[in-house]
Structure formats: structure tokens, C-alpha cells
Amino acid sequence: MAKSALILCMDVGFNMSNSGPGEESPFDQAKRVIQKFVQRQVFAETKDELALVLFGTDSTKNPLDNDDQYQNITVHRNLMVPDFKLLEEIENQIHPESQQADCIFDIALNVCVLVENTTIHKLDRRNIVLLTDLNSPVSSDNLDVIIENLKQADITLQFLPGQKRPRTEGRPGHGEAHHQLCMFKRIERRPMAWPCQLTIGSALSIRIVGYKAVTEEKLKKSWKTVDAQTNQKDDVKRETVYCLDDDNETEVQKEDIIQGFRYGSDIVPFSKVDQEQMKYTHDGKCFAVLGFTKQSSVQRHRFMGTQVIKIFPGKDDEHAAVALSALIQALHELQMVAIVRYAYDRRSNPQVGAAFPCIKQDHECLMYVQLPFMEDLRHFTFPSLENNSKFTPSDEQLSAVDSLIDSMMLVEEDEDGKQKDIFKVHDIPNPAFQRLFQCLHHRAVNPGTPLPAMESWLKATLECPEVIRERCQSALGEIKNKFTLTQVEKKKKLKTSAQIFGKDSDEPEAKKAKEDEADEEFNLADIAEGSVTSVGSVDPARDFRTLIRQKTLTFEEVCKQLTHRIEQLLGNKSTDYYMKSITCVEAFREQSVKLGNADLYNSYLQLLKSSIPTQGLESFWELLVQDGVTLISEDEVEGSTVTRNEARQFLVTERIEEAAAHPAEDPGDVDDLVRIVLL
Amino acid sequence: TQNYREERLTGRDSLVFLVDASKEMFIKGEDGAPSNFDMTMQVVRTVYTSKIISSHRDLIALVFYGTEHSKNPNDTFKHVYVYHDLDEPGAKRVQDVDALRGEKGAKLAAETLGCGPSSLGDALWCCANLYSDIKLRLSHKRLMIFTCREQPHGGDNVKDRQARTKASDLKETGVVIDLIHLMKPGGFDVSLFFRDIVSPPEDESELGLQLEPCEKLDDLQKRVRAKEQKKRATARINLCLGDGLNVAVGLYATAVTARKPPPVKLYRESNEAVRSKTRTFHTQTGSLLLPSEIKKAQTYGKKQIEMEKDEVDFIKKFDDPGLVLMGFKPMEKLKLHHHIKPSVFLYPEEGEIKGSACLFSALLKKCSEKNVYALCRCIARRNNPPRFVALVPQNEEVDDAKVQINPPGFNVIYLPYADDVRTLDLPRCTSASQEQVDKMKDIVTKLRFKYKSDAFENPVIQKHYRNLEALALDMMAPEEVEDLIMPKVEQIDRRLGSLVDEFKNLVYPANYNPESKPAAKRKTADSGGGAEKKPKVEVSMDQIKVHVQNGTLGKLTVPVLKEACKQFGVRTTGTKKQELIDALMDQLSS
């Protein structure tokens, strides 16, 4: 595995403490740079090893230490993968010291070669980074010799921001280096080669190799659940149990579960074995041309999938390179694309996609993007904007928008007529990762303190560039003058659950009376039967009313049974069950008011509200809000501790955004497999 | 504009097919072309099966009017036949509809339905009852009338008026009524009667009424399909142009990868679906853990770092949901390969901020004219980190039959961050000569075809549903699925003829075989390595400890790590390398 080693040599001698008034000393700068750098390495989880050697220390600790040579040099840490321990040591154990190491470069070289020998690994790349203000005595002749020596030893020497660096070309300036270090490393992944054959018909095939070129990168690690007290993962266990949808929620053993699939309203039992036998199978890995079509007929907004694959000729195959080049150039000249069947391997589902020609100065390739299947498309029709006089902008309005666009162009031509893009998204590191690492780092080195605010440089990269913001002011003002935009008052058409149940809302009074009658009948029938002994799951609200009327159980007991039922129903997270739950809550309220006992109900409802976020009951709560099922106020029941206003306010929660049903990432068939195995 | 604001609540969509069953519907077209009734049943079947795949929770009903026989709750209405009441479509229903197709179908229809006098008023009333009998929350209610008769009551004013009243009652309760008018000799004059029955179109264009009657099955499919799917915004947010200048917009997912649905777990004894409950509890005490009793953790640099659950959310939150304009760029700056997920569609929400549609429309027009796209920062949902997106203008496009092909609005293209673009080692390439390129151009030209985005069915999903269909309906064998994304090799070979050999002669040497594997460098499977491999797995416990100390476990292979876990008695369920490493580190580094 490719691996590199890096030796950080930090000068901590007295010369590093000199600084002008109000300036950060070279020592502090160097320390900050090292911290940032190590941080990056830790979160990038590279396998690269790192050693830290300090120069100018009061004590001496290094393998070459003898008598008067190699004094005041401390190998603080031998080559190994950097970790938080190192970060803590840098934070707490490295201070400016009072010695000066002589001939720092000679010594650096020798020490570093030795330090390097401490590792057992074969290294691909060796780097030495020196952090010093270079005030240590060294002649520049000498420096050239040293650099030459290093080159021969195949070691790269880099300077991180000393203040008076020797003038050698091509090294980053101080500011730049620091800015780069601010960011955590971008996620890097070793490209996986996908060798295959591009086929056109049965007789023509070209050896190719594909690489994922663009894809939404995810972090390698995810959050684990740990016990809050012990912080141990092993103390927490998650378990899934299965139960029947009956009153007792009878638990079912895993062995007694078979799988089925929904076919509309039918559930078809379909064993794993049958499924395996009957499922779609194919020949595996494939990149076969179905035909060619005009580039313009493949619309950009129809791109599917989550990646772009670049297709190159097979490795070390000149003939394949020529053949593929012919195809790439032919497509380019004809402005066409290949429509292909693509299958990664036997286990994954085949796709249809387009292979675009891509010709760059230094390389040629095909770029493959997945296209939709018929089943993926939703044909939505939207009202025309042009044919609608209400929405047609006037010429004045159009010209205001015109100037806004002109003032906000992010691509400009400089004096040489070269285009300059001042906002390149693909140069911005994913802010989510940057922020996460920042917070993790903070928590690790400053335990017990609140998380920090976002770093200002990160915030700035997400904002509209300052130049643009200033330049567009007048155009923006013009738009504000020319267009009228008014927030529409939210008059949410309230749907009551009566409507949801399909009852006509046009005739509320009469209907209601009828309902009450029906209710009465029901209850009479129940009492006559005397069959209700507990709140069942079929019609819990009715059972509840009956039980209260029967008075065989205490009010508290019946309420407890009811709330237990509600919890069960809500556990299902489906509208049908929500509706049932609402009738329960309503019955609970109605009976509580009737009996003049508001406490049980009110405390239950408050508990319910507090559990919304954790239980994911947002949509249920919205239903409750619409039906206006709130706390029982003192107006309704004497002794209630809730005022009318409080009751009204109770239903006002912060607006809950609808979590749209975005499907999770493509699990594909492999995941199906996993799911089946787990079953 | 009444449909501008759908309630954003969960609920079922519903669709009622109200089909004219008069004798005119059964008249066959010229040259034995299928009758209007036959075509309608074909479309109904397609909708049934596509709903089963894409949204099986939707409710569908099939009602006939102008029948001789009647079938409806309590038989209140004469000459109205409820073939299917509002319910989820299933295998049986697909079969039922199939039975009404073709020659045999016409016969069955004549027997069971028969032709009689029509009262659209009664039919609509009956449909209204179907809706109100539903004990579920309905979010979208649509009713499609299929007919080839412009005046169902032959000019009977009383019946016409009654139908109009019932139609407006239905519309009042939120039902959208569409007319799918079918071809009849002399054309179909919508203004004679149906203009007052159907719901007005969403815009002023009266698009719906200008439509020609459907003559071909294709047109009919297209028109029904355009109406049958309820568009629903996945998010409603503001597009901020700067300085508090907000345009309300909705995001619509117009292409979503359809997947084989996950299996349902059933109880072996009764085939009833079981529910799953997941609980988090303490391993030692066995007591359930409340959200406040657990934390989240990640391990970096050999250190486990803990956060509260709400801190995890806090880290993800950058801003409230919304689109924020950064500026504009010329279209050519939008690179083809900047693709990380399917795009979504953006359309103004006049119902949220009045004036949005006008400014949106101006923006759309100007972006399109100037050939630029708008670059925005996008947070679509709460606690989502930001993504940058390109808003690419799309002008409205209609086909010859005036059916919308492309709606007006912006396509939202998600752009990659630096992390998402991988660095590849570019192989050295040899370019082809013009002669070689020209030969390939001949090949490409021979295999030209017109690509349509809806031309390919997903064979995996189709096969899955055919299997289910066969099992559900006790068929002997599932219907064959044609794999449309399989290259038609014979056809291609025939079309290319000698071109392939000519090209190969130009680019490949005589003894070259692209099918053969390149000289395998890595595996030495032939040297009887089986016996030798084993010892490799063994790494001494001391060595492992050294690796743990140095944080170099990653150097070891997965089998070695697994073996190490066994040796140290580390329990792990993970199989991924990182999981194994984490497990070992957890155990040994402390």
C-alpha cells in the first residue's frame, strides 16, 4: 500500500520567541501550523506516518546523542500514524526553550534518516518539513548543498512558514500555506479500476477500464450509539422484535416469519428461494452499445444515478487506445452519444445510460451517466407561465432582471480576454465535513465545553462574493421597486377529522346530532352485552367510553389503558392509525371534561407533545392541531391549571417542515441480498 | 388556482375512472382499429399496473355510466355500474379489467353492463358517494370522464342541469374533474355540454379544452398519464435574490429511481403482516434507554469523541431551508460531468408569496435569453447541510397535440464539492488517425436511433412484478419480460455488415484479441498456493499489539484482522475493514 512518511522538524530554540510587539511569535505560528496539520492528518485517517523532532530543546534525546554532537535535539515522537495523543502533547508539552541547535540542516538530515529507520514499513514518499525562522546560523551555500543531498536521498524538503525563508522558488507563501491548512483534507479515495469491454454488436469489442470520476462522497465513519453514562458502545443494544397486529401485540419469533411482497393491495408470500430462482438474472459485467443518438436528445436534467464514470482504454493496450479514440472522436465530430447497457457486475442491476465523448488537451475518454427508466419518470404538467397575463412581466420588469443578471455574473473576462470564474463550486470543500471535523476536534481537545461557532473562513466560502454583493445593490433595488411581492397570509384550510372520515361538512349541526344519537345507541348496545372489560384495539374510543360509564374500573385505570392503546397505535406511524389515535384523544378529552377531571388528560397531552421530536410524530401532531384538540382549560373544567390562552398557545409549535420522501441512497441488489440474509 | 396549495399532509390520492358504456363507445374504428371502449380499458389497465408499482397506496375506482344494468351501493342509481369501488389496485382488479378488453371483453361488457340510457348527474352523484364512503384521509381527488358523446343526454335540459349541479358539488369538495374525450365522427365539441362539467385548467390557456379528441391509444395514454400523477412539491422554500427579496418556489422530483420494494414480513401461520418494533436497551440491566440516556460517538485518531443527539443535529444545521442566489454563469460553465444526483424541478408558488410567478417568469425568460444559469446555495430541508445548485432555465414545450412535454421552470442541477471530484491517474492515450475516426463515424451513423427517455423499462422491476402477478393470480408461469436494454446484437451485426472488419483492420493487428484477458500480473493461483496462504493469516498477538500502538492496523488484510479478533476474543458483527479495526482498537488500545 502506498504510504508516505513525514518528519516535522520544529525549531523551538530561543530565536523562535522573538517577535515584534503585537506580532505572533514564530514559535506560536509554527505550533499553530503543526496543530492544524496534524489535525488534518488525524481526520483524513491517512495511513501516512509522522514524526516530530524538536530542535533547540534544553534537553537532548535522540539516537545520535553522543558527547557534544547532536545536542539540544529531541525526537519527540517516532514515525507513526498521528492521533489525538500527539495533538494533546503538542498542545500541552511543547514550549519555547532556550537553546539553539547548530547547523540545523545537516543535523536534520542525519536525524531524520535515522528516525526513518525506526519504521518497519516501506515508504513511497519521504518528506521533511522544517519549521524555523532560519535565524540559526547557516550559510546559503551550505543550504544548496544540503538540498542537493536531500534530493539524492529522494527526500523532499519543504518549509512551512518560517518568517525569513531562503528564497527558493515554487514554495507556498505563508498566508497560502496557512489557508490551506485551515481546511480539513478533502476526502480522497483510491480510484478503483473497472476493467471491461465496450461492445458494438457481437463482433466489435474494445478493452476499456472505467473509473468513478464524480460521486457524492460520504464520510467513511458514521455515528455510533453509546451509553450516556459509560460512553460504551457495548452497553447499548438495539433489538427488533416482530409482533402481530392484534390487541396483545403477540410477539412472533423470527423463525416464524416468512417474506412476501406487495402487489398493490395483495401481499404475495414469496420465499427467498423462489425469489432467487425467479428473479431477473443477467450475464454480469457489461458495457454494450445499444445504438447512437444525437447529444441534444439526451437532456441534462434527465441524468440519473449518483455518479459519472470515465471510460479509458484498457491498461497498457495501445490498440484499445486507438480503437476507443476513434469512437470518442467520431462521437465528438458527429455530436452524438452512445446509449449503452451498463452492468457493474453480476450482482448489480443493469442500467441504461449515455456515454459522452470527452476530449481534453491531455486526455480523451468517454463519460458515462445513467439515464432514466420509464418507471422512474413522473410526468407532471405545470400551468403555462407565458400564457398567463397575470404572471407576464412588463418590459420594465424584464429589463430590471436583465441588469440584475449583468451585475451578478460570476464569470468575467480579465484584461487578457481570459475568462475568470470567481466562484468555483468544485474547489469548495464540503462544508458539512469541515464543520463536523471542527466540532469533533473541539470536543476531543476541549471536553465539557459547548461546540464552537462555524469558522469564519468556512462561512465566507458559502456566501455570495463581496464584489458581487456590492455590484448588484442598485439592480436589486430596482427589482424591489418594479416587482410587488407580498407574503400570503396563511389561511390554512382546516381539514377536520370529520372531513377526513368522509363525512360531509356542509351540514354540521344536523349531522352531529345524528352522530351523537348513533354514539348513544352503540353504548347502549355495549352495556346490554356487558362485553367490554378493557380498552381493546378495534375501537378503543368506544371501549373507553363504555368502561367509564360502567364504572367497574377507576377513571385512572381506564385512562391508563387508553393511553397505552394510543401509544401502540402511534407506534405504527401511519395515517390510518393516527386517525384512530385522534378519536381516542378526543374521547379522552370529552370524558375528562364530562367528569370534571382535567389533570390526567392535560398531563398526558403535554407528555405527548414533548415526545413528538423523538417519536417522529410531527404529522400526527399536525392532525391534532387541525382538529383543535388542545388542553382542557379552566373555563371548561374548574380546577384545571391551564388558562384559556395557554390552551390555545399549546397547539402552536414551531412549524414542522415536511420531511419529503426522498429515497435513501441506491441500495441496489446487493443490499437486497443483505436484507434477505438478515431476515 | 385552487390547486396551487395542496395540503402538505399525508393522505391518499384517489382517482375515479368514469367510463361511458353506451353503444357508441363499442363501435370499432376503421380497419378493425380498437373501439373507444377497448382503448379506454387498455389505459385503465396501464394505470392500474403502474400504480401498483409506483404508488400502490393510491385508491382507484372504475365506474360505468349509460349501462343497462345497475350496480351501486343500495342500488340508488339506475344505469350506473360500479365495477370497482375506491380501493387500492390489486391483482384481481387487473384481471377484472383485462376481462373487459378485446373482442371477448366487448361480449362480457354487453352481458354484465349492457347499454342503456345515460344520466351523468346520477353517475357523478354515485361517484360523490364513493368518495364520502372512504374512511381514509384523501389528499387528492381526481375524476376522469371517458366518453365519445358530446351530449350524453341528447339535449335533455333537465338532465344536463342536474349533471352540472352534481359536477359543481363534486368540484366544491375538492374533486378535480377531467374530460378525456374520444374520437367520434364529426369531431367532439366540448362547448356543447362538458365545458361546464370539467374543472377549469390551472392557467388561463384553456389548454384542456383546446385539445383534440384522442384518436390513438398513444395519445390517450399520454394524456391520462399527464393527469394521473399528482404533482407534489417535495419542499416549498424561498429563493432569495439578496437583501430579503424572496420568491416562493416549490421543488418537484420529476425523476425518482424506481426500486424493487422491500419485502413485507409475514407470520408463517396466517400470512398476515407483522409489525416490527425496534428498541434500544441497556445491555447489562436490560432496561429501555430513553433518548436522554444515549449519546452519539465517533472515533478518530484512537479517541472516541461523544456528542449529544441534538449536538449532532446542530452540527448539520447551517441555515434555515432555502435557496440563496450567488450569481449567474454562462451555460457553457455547467460541465457535463458535474453530476451527483438526479435534478429536481423548480416552479413558483404564487400561493405562498404573491408576485412570485411574475418575478420567476421574468428570471426564467432572461436567463434563457442570455443563456445563463443561476448559481444558488440550496438547503432543501431542515438540518440539511448546504449544496450548491445550478438553476437551468427550461422553456415550456408542447407537442403537436398540445400536450405539455416540458413544463416552464428551472431544472435544479446539484453540483459537486471538491471532495466529490476524484483525482484520476490519466493513462497516456494514443489518438486515432482521421481514417480510423471516419470508419467509426460510418459505424456510428449506421446505428443511429431516436432516443426517448421513457423508451426503456427496467427489466429487474418488470420481472419482479410479473412474478408477483403470476403468484397472485395463480398463473402457470409469469408473463415474459422483454429486456429492452439488451443490445439487439443480430440486428446491429446485420446493419454494420463488413464495416466491423474494416474498422478492426484499421485499428487492431492481426493477432490481437480484445476479448482475451491482459497478461495477469497479480494472481499466482496456479502455484498451489492454497497451502501456503494459510500461515499468512497468522499474525502473532504481539505483532497485533504493536500495530494497535502504532495505529497501523490498516496495513493488515481483512482475513488477518478477523483472525486477530478471534485470538483476542473481540466480539464484532462487522465485516468491513474499518469495523474490524475499530473493534480491535476499542478492545486493545485502552
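This is a predicted model: local features need pLDDT of at least 70, side-chain atom pairs count only at pLDDT 80 or more; totals for chains, interfaces and linings use all residues.
## Chain B as a whole

Chain B is built from 17 helices and 19 strands. Its radius of gyration is 32 Å, whereas the globule rule gives 25 Å for 590 residues, so chain B is more spread out than a compact globule.

Among the contacts in chain B with a separation of 6 or more, 68% are made by residues 24 or more positions apart. The charged side chains of chain B number 91 positive and 84 negative, and the centres of these two sets lie 6 Å apart.

## Chain A as a whole

Chain A contains 22 helices and 20 strands, and of its 679 residues 50% count as buried. Its accessible surface comes to about 33,000 Å², and 48% of this belongs to carbon and sulfur atoms. When the contacts of chain A with a separation of 6 or more are considered, residues 24 or more positions apart account for 68% of them.

In soluble globular proteins, nonpolar side chains tend to be buried together. The largest nonpolar core in this model has 98 residues, and those with the most contacts inside it are A:I339 and B:F328, one from each chain. The largest share of this core, eight residues, is contributed by helix α9 of chain B, which covers residues 356–370. Apart from this core lies another one, of 42 residues, which includes A:F287, A:A323, A:L331 and B:A432.

The surroundings of B:F328 can be followed in both chains. Once residues up to four places away in sequence are set aside, B:F328 touches A:L404, A:I405, A:M408, A:M409, A:L410 and A:V411 in chain A, and B:L363, B:C367, B:V372, B:Y373 and B:A374 in chain B.

B:H337 lies in a loop of chain B, between strand β12 (322–330) and strand β13 (344–348). With a relative accessibility of 14%, B:H337 falls under the 20% limit and therefore counts as buried. Leaving aside neighbours within four places in sequence, B:H337 is in contact with A:V214, A:V308, A:K360 and A:M367.

## Two residues with positive phi

Most residues other than glycine have a negative phi. B:K302, although it is not a glycine, has a positive phi of about 65 degrees. This residue is placed in the loop between β10 (294–300) and β11 (303–307) of chain B, and at 32% relative accessibility B:K302 counts as partly exposed.

B:N371 is likewise not a glycine and has a positive phi, of about 55 degrees. Its place is in the loop between α9 and β15 (372–379) of chain B, where B:N371 is partly exposed, with a relative accessible area of 45%.

## Selected residues of chain A

A:Q591 is found in helix α17 of chain A, which runs over residues 575–595, and it is buried, with a relative accessible area of 4%. Apart from neighbours within four places in sequence, A:Q591 is in contact with A:F544, A:R545 and A:I548. The C-alpha atoms of A:Q591 and A:A475, which are 116 residues apart along the chain, are separated by 62 Å.

Two further residues of chain A sit in loops. A:N15 has its place between β1 (4–11) and α1 (26–44), and at 4% relative accessibility A:N15 counts as buried; from C-alpha to C-alpha, A:N15 and A:T461 are 37 Å apart in space and 446 residues apart in sequence. A:Q232 is placed in the loop between β8 (224–227) and β9 (236–243), where A:Q232 is partly exposed, with a relative accessible area of 42%. Not counting residues up to four places away in sequence, A:Q232 touches A:V226 and A:D227.

Conventions
Residues are numbered from 1 along each chain as its sequence is written. Chains are lettered from A and ligands numbered from 1 in the order in which they are written. Side-chain values use heavy atoms; hydrogens and water are left out. Helices (H or I, at least four residues) and strands (E, at least two) are DSSP runs, numbered from the N terminus. The radius of gyration is taken over C-alpha atoms; the globule rule is 2.2 Å times the number of residues to the power 0.38. Contact means heavy atoms within 4.5 Å. Lys and Arg count as positive and Asp and Glu as negative; His and the chain ends are not counted. The place of a charge is taken as NZ of Lys, CZ of Arg, CG of Asp or CD of Glu. A nonpolar core is a set of buried Ala, Val, Leu, Ile, Met, Phe, Trp, Tyr and Cys residues joined through side-chain atoms within 4.5 Å. Buried means under 20% relative accessible area, exposed over 50%, partly exposed in between (1.4 Å probe, protein chains only). Accessible areas come from the Shrake-Rupley method with a 1.4 Å probe; for residues, only the protein chains shown count as cover.
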